[in-house]
Amino acid sequence: MDLIGIILWPLKWAVELVLVGWHALFTLIGLPPADGITWVLSIIGLVIVLRSALIPLFVRQIKSQRKMMEIAPELRKVQEKYRGKKDQLSREAMSRETMALYKKHGTTPVSSCLPLLVQMPIFFALFSVLNDVQKIAKDPTFSGVGLLDNALTQEFYDAKLFGVASLHETLINAVETSNGVAITILVVLVILMIASQFFTQLQIISKNLSPEAKTGQAYQMQRVMLYILPLAFIFSGVFFPLGVVIYWFVSNLWTMVQQFIVIREMPTPGSDAAKAREERLARKGKAIDSSGKVVSMEKYQAEQQRLLEEAERARAAAPKRQQPVGKQRAKKQAPKQPGTKQPGPGQQGPKRPSSGGAPKPADGSPSPDSPTTS
């Protein structure tokens, strides 16, 4: 067993456990165990189990994306601060300030794509399980790593959807064998898979982004990925077995419905979806309070009045800001000293003695200090 096989072994064991469990359930309720539809329903059951288990991570992803949008202006300030500075110290300082922002708001870019990162190894494990089923054609004793024993592996290998399309068959195999029904099924599923992925991303970009988020570089990247991702699905849809294509299409349907519910009930503040939700609530006589809960319009108005009164009281209690004044104005506004007489309008204050001697008396008599003539 190679290194990738060792890493995927526990995931393949879990995938086989869920797959065989659903197959046993559908067989128990009367579906033929060797029929292709029984195994297709088992794959759909696997999607339901996996995506249900990922719901807590999805909720965490939504919260993380909201926080990333909230701190986007602060991140842009940090990037602007170090724009054009490529020395090591500047890069380290920028990294420290960015990580401090993430720590302060309790989010990271990785947590925004955590469900996808968790789902990818499971997807590879499913691909490996379905791909390994073909080995039984050369080795009749082959079996899976867990509950998918030799008998079930042979049953899975022989199962055909609508009696003509094997679940391990790829589009290339169908073309080589001129299996027209299998080609039609695979092409239709690939088109539906691409369309579901496209509309899922489109509803996020068009409805669930705030006006500020639509001005950033990340938004331009999302728009580019909206049209590039379908090309990747075309490539993968050609080489993936029918069972994997079914799994991927059903998983995309789950994502599309999940996003629709989130955008409708928990839209991004300031987005078009948020405005549409507020209008729907207003028509029902409801509104969203400051904590994000849906309350009656009376409670909402009472809360707004209370918040307004609290803001006015806080403004009245806050110390007034002292405007800076010049020296001359500060001297005029200074309090008068007791016993000092200020000159009236048009009057001049006492003249300071000149450097040449003491001031002269007002009656014209010579100053004591002035020189006398004999």
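## Transmembrane annotation

The unreviewed UniProt entry lists residues 12–31, 37–59, 113–130, 181–205 and 226–250 under "transmembrane region"; positions follow the numbering used here, feature names are shortened, and annotations may be inferred rather than shown by experiment. What you're looking at is a predicted model, where local features need pLDDT of at least 70, side-chain atom pairs count only at pLDDT 80 or more, and totals for chains, interfaces and linings use all residues. Residues are numbered from 1 along each chain as its sequence is written, and side-chain values use heavy atoms, with hydrogens and water left out.

Take two of those spans. Residues 37–59 are 96% helix and 0% strand, with end C-alpha atoms 33 Å apart. For residues 226–250, the figures are 92% helix, 0% strand and 19 Å between the end C-alpha atoms. Helices (H or I, at least four residues) and strands (E, at least two) are DSSP runs, numbered from the N terminus.

## The second largest pocket

This pocket has a volume of about 360 Å³. A pocket here is an open set of points on a 1 Å grid over the protein atoms alone, where a 1.4 Å probe fits, with protein on both sides within 12 Å along at least five of seven lines; lining residues have an atom within 4 Å of a point. The volume is the space filled by probe spheres set on the points, which are joined across faces, edges and corners.

There are 18 lining residues, and Pro267, Ala274, Arg277, Glu278 and Ile288 lie nearest the centre. Because domain 2 (169–270) and domain 3 (274–310) both contribute to the lining, the pocket lies between them; the bounds come from an automatic or database domain assignment.

## Salt bridges

The structure holds 6 salt bridges, each a side-chain nitrogen of Lys or Arg within 4 Å of a carboxyl oxygen of Asp or Glu. One of them pairs Arg83 with Glu80, at 2.6 Å between the closest N and O atoms. Arg83 is exposed at 57% relative accessibility, while Glu80 is partly exposed at 48% (buried is under 20%, exposed over 50%, partly exposed in between, with a 1.4 Å probe and protein chains only).

Lys81 and Glu97 also pair up, at 3.0 Å from N to O. Lys81 sits in helix H4 (residues 72–81) and Glu97 in helix H5 (residues 88–105), so this bridge ties together parts 16 residues apart in sequence.
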